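Trainee: Please take me through one part of this model closely. I want the aromatic packing, and then the spaces around it.

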Amino acid sequence: MAGFFGLFDYTRPGPGIPKDAPRRKGIPLFFELFFRKFWNLVKMNLLFILFNIPAVILSFFTFNSIFPNVFFEDDPLTELFTRFIISSFFICIPVVTVGPAQAGYTYVLRNFAREEPTFLWWDFRDSAKNNLKQSLIVSFINYIFVVLIANAIKFYLGMENSILMLVVITFLFMTFIVFMMMHIYIYPMMVTFELSIRNLYKNALIFALMKFFPNLAILILCFLIYGLTFYFPFIGLILFVLLTVSLISFITNFYAYPTLKKYIIDKIEEEEEKNDQTESSEGNLADSREENENDRGEHKEEGEKNE
């Protein structure tokens, strides 16, 4: 029997939808997919956390090394939990993550958003394997960027209050916000298209700036969901392991896919249709020329016989 009494069977596809079911869009479609894929989201959350334990540890210790100042001197447990909450948020976006696991995870959630049949484990594994090199490079670049910008923020926060300090700190925070917005698109593009690292970041930056305010709204929504789940810390920890990461990732994938479809997928399909039409026209022209040449040959043969 696959899985544990069928609860953790990653080899079978999720339930489909009736053929005659009315097509929904937007928020109604999101909630329909969320409830239909709920247990699959739980499974993917568990799978993601398992493969991202190194990222959780790395994010936690990196945050502690850069910002060692104590928040709660009299309550070590609250201090530990606060640091975990702050550092783990960047795994949900995802900025600090294990690249191959994130690629496989994104591929499955993208298929959920596209309403495509998915085999959880096999699709996760295959996408992680197919994007191994690129995802490792992206995760390395992301980590270095986070460390650099966090140290820069720490340095300027330690300076005396001045207009220059305020301007620089604002610029750094805005840069980091845009960087987080880019990650709404980087991994979905990675698992959908064959793009170089340079073009991944270039296109992600274009989408981040082009849809700045909708992206900002999505980031705020993700932050609120993450923060509210930890209103009761113990419950928040359970939700983090079971659902929170998948919920946030499903939101970002559901939001990002229409943009990718409009500006990349549809244009590719239009180009392919034009090329097919051009090839078809050229083929028809060649056929007509060949028919004309055959007709001329037949007329010539008839003329020779008459002579």
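**Rings first, then spaces**

Mentor: Start with Phe240. Its relative accessible area is 3%, so Phe240 is buried. Keep in mind that the model is predicted. Phe84 comes next. Its relative accessibility is 15%, and the cut-off for buried is under 20%, so Phe84 counts as buried too.

Now the ring geometry. Searching the whole structure gives 33 aromatic pairs. Look at where the two partners sit. Phe84 belongs to helix H4 (residues 76-92), while Phe240 belongs to helix H12 (residues 233-306). The pair therefore ties together parts that are 156 residues apart in sequence.

Another pair involves H12. Phe207 and Tyr263 have ring centres 6.1 Å apart and planes at 50°, so this pair is tilted. Phe207 is in helix H10 (residues 197-210) and Tyr263 is in H12, so the link joins parts 56 residues apart in sequence. Phe207 is buried at 5% relative accessible area. Tyr263 is partly exposed at 28%.

Back to Phe84 and Phe240. Both belong to one aromatic cluster. Hold on to Phe90 and Phe176.

They return at the largest pocket, which has a volume of about 880 Å³. Its lining counts 31 residues, and those nearest the centre are Phe63, Ile86, Phe90, Phe173 and Phe176. H3, H4, H7, H8 and helix H11 (212-229) are the elements that each give two or more residues to this lining. By class, the lining holds 25 nonpolar, 5 polar and 1 charged residues.

H7 deserves a check of its own. It covers residues 132-157, 26 residues in total. At 1.5 Å a residue it should span 38 Å, and its end C-alpha atoms are 37 Å apart, so the two agree. Its buried residues are Gln134, Ser135, Val138, Ser139, Asn142, Val146, Ile149, Ala150 and Ile153. They pack against helix H3 (53-66), helix H5 (99-113), helix H8 (163-182), helix H9 (186-192) and H10.

H12 provides the largest share, 9 residues. The classes here are 14 nonpolar, 1 polar and 8 charged.

The structure has 1 cavity of 30 Å³ or more. The largest cavity has a volume of about 70 Å³. Its lining includes Cys92, Pro94, Thr106, His183, Tyr187 and Asn253. H5, H9 and H12 supply at least two lining residues each. The largest share, 3 residues, comes from H12. The lining divides into 6 nonpolar and 6 polar residues, with no charged ones.

Methods:
Residues numbered from 1 in each chain as written. Predicted model: local features only at pLDDT ≥ 70, side-chain atom pairs only at ≥ 80, totals over all residues. Heavy atoms only, no water. Phe/Tyr/Trp six-rings, centres within 6.5 Å; stacked < 30°, edge-to-face > 60°. Helix = DSSP H or I, 4+ residues; strand = E, 2+ residues; numbered from the N terminus. Buried < 20%, exposed > 50% of the residue type's maximum accessible area, 1.4 Å probe, protein only. Expected span 1.5 Å × (residues − 1). Contact = heavy atoms within 4.5 Å. 1 Å grid on protein atoms, 1.4 Å probe; cavity = no way out; pocket = protein on both sides within 12 Å on 5 of 7 lines; lining within 4 Å. Points joined across faces, edges and corners; volume = space filled by probe spheres on them. Nonpolar A, V, L, I, M, F, W, Y, C, P; charged D, E, K, R; others polar.
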